[in-house]
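Here is my note on the model you sent. Please read it with the coordinates open.

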Amino acid sequence: MIKAVLSGDMPRSRVLALILGLILVCLALAPFLFPGVRTVDTAARICVFIVLVASYDLLLGYGGIVSFAHTMFFGIGAYGVALALTHMGRGFDAILVGAGAGALLAAGLAFVIGLFSLRVRAIFFAMITLAVASAVAVLVSQLSGLTGGEDGLTFKTPRALGPAFKFGDELFGVKLNGKLLSYYVVFIGSLVLFLLLLRVVNSPFGRVLQAIRENDFRAEAIGYRVVYYRVAATCLSAAVAALAGSLYAIWLRYVGPDTTLSMEIMIDILLMVVIGGMGTMYGAVIGATLLVLAQNYLQNLMGVAGSLVERVPVLPQLLDADRWLLWLGVLFILSVYFFPTGVVGRLRRG
């Protein structure tokens with residue numbers, strides 16, 4: 001049963017299986033295990049970024065395609081839901097229309113970019129995607145009448161997903177309200193999208209993508225149309241990224257350039273892929289979980305550590321909470337050094 005759900009792609013490591021199982025349980029029961037606004041928000045972000053990173057790994061890890069436009073597709077999905085809920089009202093039909101339109105627009109834009117750009121070599125394609133993503137980000141910022149400009153859009157989700165909606169009193173000390181339902185919409189949506197991507201990479205289509213990544217000339221020589229497969233992978237990746245953006249918009253109830261279109265998010269995606277392991281869907285789970293947790297709690301941990309060694313020379317300055325980005329960079333360098341194939345690659349090697 002589990003093998004079928006995972007499309008035959010088993011962890012192949014007891015330690016990895018244990019880690020993945022622990023992450024799944026923690027995310028599935030996050031509102032009950034870690035009650036609190038910040039912890040549940042962190043869990044929701046992990047869910048969304050797992051899908052976003054997995055969709056990017058379909059391009060980079062399985063297809064060998066370097067793109068800097070992934071946050072653009074993420075933003076298209078988020079703005080699609082925001083605009084639909086703003087103009088159609090706070091109904092589930094608006095969410096479906098917005099998410100569907102965002103995914104179709106993202107896939108269409110990816111098709112146009114891929115069709116005209118994927119014939120060039122990797123670095124040139126990456127530069128083209130970076131230019132297009134930058135242009136879209138500037139356009140979104142300037143169309144303030146439609147997108148809210150730099151201020152973004154704040155909108156209302158269906159009443160059933162709001163904190164004012166209650167469908168019970170409490171369960172294990174957790175309020176049964178719309179915010180809880182909203183979290184599980186994000187969790188279940190992310191789980192379904194991740195399993196879909198897992199199915200894709202373990203299908204014949206995914207095997208061909210890996211063959212193209214290893215040697216595109218040989219793949220073309222035996223009859224595969226390399227450009228078609230790359231364009232199809234780009235479109236699928238863009239559509240899933242847009243759907244991840246839709247889930248993110250539903251959770252935040254706000255969309256802005258900084259939350260969906262910034263280059264910082266693109267860098268985070270790259271870091272998550274490298275930390276978890278390229279060419280492994282499970283790497284997206286590990287990488288997203290580690291980096292989101294570090295971004296949210298490393299500063300607090302450093303503050304605690306600094307207070308414990310406040311009488312020791314130099315150490316309090318090094319462990320100052322304001323230097324958390326420095327230590328995040330150090331942790332990334334160490335992870336690359338000790339896990340050159342990512343955490344998943346190292347665990348699978350034993």
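The points below go from overall fold to salt bridges.

1. Basis. This is a predicted model: local features need pLDDT of at least 70, side-chain atom pairs count only at pLDDT 80 or more, and totals for chains, interfaces and linings use all residues. Numbering starts from 1 along each chain as its sequence is written, and side-chain values use heavy atoms, without hydrogens and water.

2. Fold. The protein has 18 helices and 4 strands (DSSP runs: H or I of at least four residues, E of at least two, numbered from the N terminus). Its radius of gyration is 21 Å, close to the 20 Å of the globule rule for 350 residues, so the protein is as compact as a globular protein of that length. Here the radius is taken over C-alpha atoms, and the rule is 2.2 Å times the number of residues to the power 0.38.

3. Burial. Of the 350 residues, 48% are buried (under 20% relative accessible area; exposed is over 50%, partly exposed in between; 1.4 Å probe, protein chains only). In helix H18 (residues 342-349), the buried residues are Gly 342, Val 343, Val 344, Gly 345 and Leu 347. Their cover includes helices H2, H14 and H15.

4. Salt bridges. The whole structure holds 3 (side-chain nitrogen of Lys or Arg within 4 Å of a carboxyl oxygen of Asp or Glu). Arg 45 pairs with Asp 41 at 2.8 Å, N to O. They sit 4 residues apart in helix H4, about one helical turn.

5. Burial of a pair. Arg 230 bridges to Asp 216, with closest N and O atoms 3.6 Å apart. This pair links helix H12 to helix H11. Arg 230 and Asp 216 are both buried.

How values were computed. Contact means heavy atoms within 4.5 Å.
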